[in-house]
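Here is a note to read alongside the structure, written as a few numbered points. Please keep the model open while you go through them.

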Amino acid sequence: MQVEKYKLENLNEQQLQQHQRRFETLAADIKNVNSILQQLIDFQIAIPSWALGTGGTRFGRFSGGGEPRSLEEKIEDVGLLHALNGSSGAISLHIPWDIPQNAASIRALAAQHGLRFDAMNSNTFQDQPGQAHSYKFGSMQHTDKTVRKQAVEHNIEVIKYGIELGSESLTVWLSDGSSFPGQLNFRKAFERTLESLKEVYAALPDNWKMFVEYKAFEPNFYSTTVGDWGQSLNYVQKLGPKAYTLVDLGHHLPNANIEQIVALLLMDGKLGGFHFNDSKYGDDDLTVGSINPYQLFLIFNELVEGMNARGMTHASDLGWMIDASHNIKDPLEDLLQSVEAIKIAYAQALLVDTKELEAAREANDVVKAQEILQQAYRTDVRPLVAEARLRAGAALQPLQVYRSLKVRENLIKERGLKTVATGL
Ligand SMILES: [Mn+2]
């Protein structure tokens with residue numbers, strides 16, 4: 001299914017007057033409104049291929065119908081999102097779930113939808129049918145060299161697919177670790193993992209980045225071999241200039257100060273990418289901004305400040321991706337909500353009066369510093385985000401258009417009710 005331009009414009013037209021009234025009121029109070037709008041238009045968030053189907057938990061999966069049955073249909077789904085919100089101009093693939101049979105035609109299809117290929121993701125956390133060696137006791141950390149070699153070769157194969165598609169980065173997330181005290185020699189596990197990562201790093205093209213993602217726990221429940229940002233930073237510093245830490249919001253222990261982690265990684269030039277989601281307890285994969293939007297804003301405040309301090313381009317110098325997968329919502333509706341929440345937090349961070357904030361900090365005016373941040377956070381920036389979408393040729397209200405055009409009903413008609421997308 002395609003979103004027909006005239007239908008989208010008709011729906012925008014119906015809301016235009018109300019939108020303009022709200023936007024003009026807000027814009028009157030913003031000094032550099034046009035440059036903020038341009039930053040919002042430029043800011044694209046990659047959609048992971050595995051978020052397009054209904055996610056499962058280890059207790060079950062409730063398929064929603066009309067899920068994409070192939071890589072082509074996944075690209076079409078992201079194309080739909082991008083047509084609606086103008087902000088989802090990239091897709092992140094996962095190997096082996098998304099092996100392109102014909103890279104040239106896949107590239108052409110993505111280009112038709114205005115999409116590029118974001119980071120490629122490898123998978124050494126599951127055994128695939130016919131696989132020679134099991135990852136039950138880890139992949140890159142494994143005691144057996146032949147298992148490590150298989151994991152390294154898989155990652156090199158993922159890079160190869162990525163090159164064919166025009167991607168420029170590889171994300172490595174390892175589930176390696178241990179579930180019981182005594183199971184693992186931590187030092188040897190680190191050294192083996194580093195050695196394996198070095199072999200993958202050596203296969204990276206010059207213009208590629210490698211992201212090393214950390215996670216505190218799950219599926220291993222005693223130790224994780226890339227368990228936190230300190231461990232990831234340790235690996236990437238030893239690997240070299242093409243290696244970066246990737247922060248996934250759901251991969252921390254409860255109450256971790258993620259905004260501080262982000263600030264320090266940026267300071268070291270070692271923050272490479274970002275996975276958005278939200279959580280209350282752990283790696284809950286909930287919709288971005290659904291539980292803790294203030295934390296998301298505080299993180300964006302550090303991202304904007306830290307990137308500006310290093311003269312970085314917000315839209316392109318870090319990898320921005322959603323990493324979530326839900327078991328009860330329509331995945332496309334959920335992704336529209338997620339992108340909206342990210343844009344809102346980014347817009348609020350762009351409103352922070354950084355000069356005033358810095359002055360308040362230098363003067364130890366704690367109250368004023370808090371007021372400055374909360375002034376930005378409590379501003380309803382939705383008309384600003386909607387205006388950016390309008391100028392990008394997308395929908396003023398993406399979710400409303402999605403429902404008005406009966407997108408899910410149409411996808412079910414096209415693909416059937418009992419389709420299951422590859423993924424978890
Ligand atoms: Mn992730």
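**Notes on the predicted model**

1. An unreviewed UniProt entry lists residues 100–285 as "domain: Xylose isomerase-like TIM barrel".

2. Turning to the strands, 6 of them form an open sheet with parallel pairing, and their order is β6-β7-β9-β11-β12-β13. The edges of this sheet are β6 (120–121) and β13 (319–322), each of which pairs on one side only. As background, strands of a sheet pair through backbone hydrogen bonds, and the pairing may be parallel or antiparallel.

3. Within the sheet, strand β9 (residues 209–213) runs parallel to strand β11 (residues 243–248), and 4 bridges join them. To find a bridge between these strands in the model, look for Met210, whose bridge partner in β11 is Ala243.

4. For the helices, the axes of α8 (residues 258–267) and α9 (residues 293–309) come within 8 Å and cross at roughly 15 degrees. Because angles under 35 degrees count as roughly parallel, α8 is roughly parallel to α9. The crossing in which α8 passes α9 is right-handed.

5. Which residues in α8 and α9 meet? On the α8 side they are Ile258, Glu259, Val262, Ala263, Leu266 and Met267, and on the α9 side Gln295, Leu298, Ile299, Glu302, Leu303, Gly306 and Met307. The residues of this contact of α8 with α9 divide into 9 nonpolar, 2 polar and 2 charged.

Technical notes
Residues numbered from 1 in each chain as written. Predicted model: local features only at pLDDT ≥ 70, side-chain atom pairs only at ≥ 80, totals over all residues. UniProt positions renumbered as here; feature names shortened; annotations may be inferred. Pairing = 2+ DSSP bridges. Helix = DSSP H or I, 4+ residues; strand = E, 2+ residues; numbered from the N terminus. Axes fitted to C-alpha atoms, helices over the stretch in contact; angles between N-to-C directions. Parallel < 35°, antiparallel > 145°, perpendicular 65-115°, else oblique. Left-handed = near helix turned anticlockwise from the far one by under 90°. Contact = placed C-beta atoms within 7 Å. Nonpolar A, V, L, I, M, F, W, Y, C, P; charged D, E, K, R; others polar.
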